[in-house]
Amino acid sequence: MPQSSSSKKHGSEQPEISGPTPKLQRSKMVKSSEDTDKKSLIKKLKDVEITVPIVYGNVAFWLGKKASEYQSHKWTVYVRGATNEDISVVVKRAVFQLHSSFNNPTRVVESPPFELSESGWGEFEIAITLHFHSDVCDKPLHLYHHLKLYPEDESGPMSTKKPVVVESYDEIVFTEPSEGFFARVQDHRAVIMPRLPAGFSLPPPVPIDEVDKRKRNDPKDNPLIHWFTNFSEADELLKLAAARQEVQAHIARVKRQLSLIDGQNQQLKSASDM
């Protein structure tokens, strides 16, 4: 049965940019205030942040001669690593909330690639909710993407060969991660890791319950990879994020040193007053 969506494109509407729209965001994720008792037993790494760069958006193909009034485009909406890494090391599942006119508008994707494909004729906002593994964060992250089907240049002819691609860049920042989480993801390409103080040792990583790896799809095999944006700014943004974490680690070291000096001064003052 043909699927329709909320609103077809109208000339009076303000069009979105129909090409790549990279933008830097930092979504900080922290443990909820209810994390007590058993969670308090998990040792946290103070003044440490783990950053996961992501891209979310859509690719839309016009169906050309096969297009009908209610089936003009085939599209895919997704969340991926900034350079197409597998983010399932952090993300457990993604929930896509489509327009209510679709059958089963709430779509749950339990394994990578975190994407879904549909067909329709109109543009609407898609809510994307990311749920994380239990050792990462209890709070989900809510993203919002406006599905784009039509090119920005309305006067030009549509092409069945070149899709409309709209993507946004974001960084998910996990503050004060547990030692277990840090140890588990420290060698993963999708994650930006800070340096720990010299001599600091982490416990061996504990594997989480994951989908059978035989059922996993390699993101590099995604047929849409040729259309994904190569975020030229992403590399610089990743470098900035790494540099920012280095600065934060340096500030934390300076604070500890100042605290030690202050303690020594207090001891000297107490000794001189005796």
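**Strand arrangement, nonpolar core and aromatic pairs**

The chain contains two helices and nine strands in a model that is predicted. Along the sequence, these elements follow the order β-β-β-β-β-β-β-β-β-α-α. Of the 274 residues in the chain, 42% are buried. The accessible surface amounts to about 15800 Å², and carbon and sulfur atoms account for 53% of this area.

Strand β9, which spans residues 164-175, is mostly covered, with eleven of its twelve residues buried. It pairs with strand β2 (residues 49-62) in the antiparallel sense, over twelve bridges. Within this pairing, valine 173 of β9 is the bridge partner of threonine 51. Proline 163 is located in the loop between β8 and β9. This proline counts as buried because its relative accessibility is 8%, the cut-off being under 20%. Its C-alpha atom is separated by 9.0 Å from that of tryptophan 75, although the two residues are 88 residues apart along the chain.

The largest nonpolar core comprises 42 residues, and Trp75, Leu130, Phe132 and Phe174 have the most contacts inside it. Two or more residues are given to this core by each of β2, β3 (73-81), β4 (91-97), β6 (114-120), β7 (125-132), β8 (141-146), β9 and α1 (179-185). The most is given by β2, with five residues. Beyond its neighbours within four places in sequence, leucine 130 is in contact with Ile54, Val79, Val91, Arg93, Ala94, Pro140, Leu141, Leu143 and Ile172.

Six aromatic pairs are found in the whole structure. In one of them, the ring centres of tryptophan 75 and phenylalanine 102 are 6.1 Å apart and the planes meet at 80°, so the pair is edge-to-face. Because tryptophan 75 belongs to strand β3 and phenylalanine 102 to the loop between β4 and β5 (106-109), this pair ties together parts that are 27 residues apart in sequence. Both tryptophan 75 and phenylalanine 102 are buried. The rings of phenylalanine 174 and phenylalanine 181 also form an edge-to-face pair, because their planes stand at 90°, with the centres 5.8 Å apart. Phenylalanine 174 and phenylalanine 181 are likewise buried. Finally, ring pairs link Trp75, Phe102 and Phe124 into a cluster; Trp75 is also among the residues with the most contacts inside the largest nonpolar core.

Key. Residues are numbered from 1 along each chain as its sequence is written. This is a predicted model: local features need pLDDT of at least 70, side-chain atom pairs count only at pLDDT 80 or more; totals for chains, interfaces and linings use all residues. Side-chain values use heavy atoms; hydrogens and water are left out. Buried means under 20% relative accessible area, exposed over 50%, partly exposed in between (1.4 Å probe, protein chains only). Helices (H or I, at least four residues) and strands (E, at least two) are DSSP runs, numbered from the N terminus. Two strands pair if DSSP finds at least two bridges between them. A nonpolar core is a set of buried Ala, Val, Leu, Ile, Met, Phe, Trp, Tyr and Cys residues joined through side-chain atoms within 4.5 Å. Contact means heavy atoms within 4.5 Å. Accessible areas come from the Shrake-Rupley method with a 1.4 Å probe; for residues, only the protein chains shown count as cover. Rings of Phe, Tyr and Trp (its six-membered ring) pair if their centres lie within 6.5 Å; planes under 30 degrees apart count as stacked, over 60 as edge-to-face and the rest as tilted.
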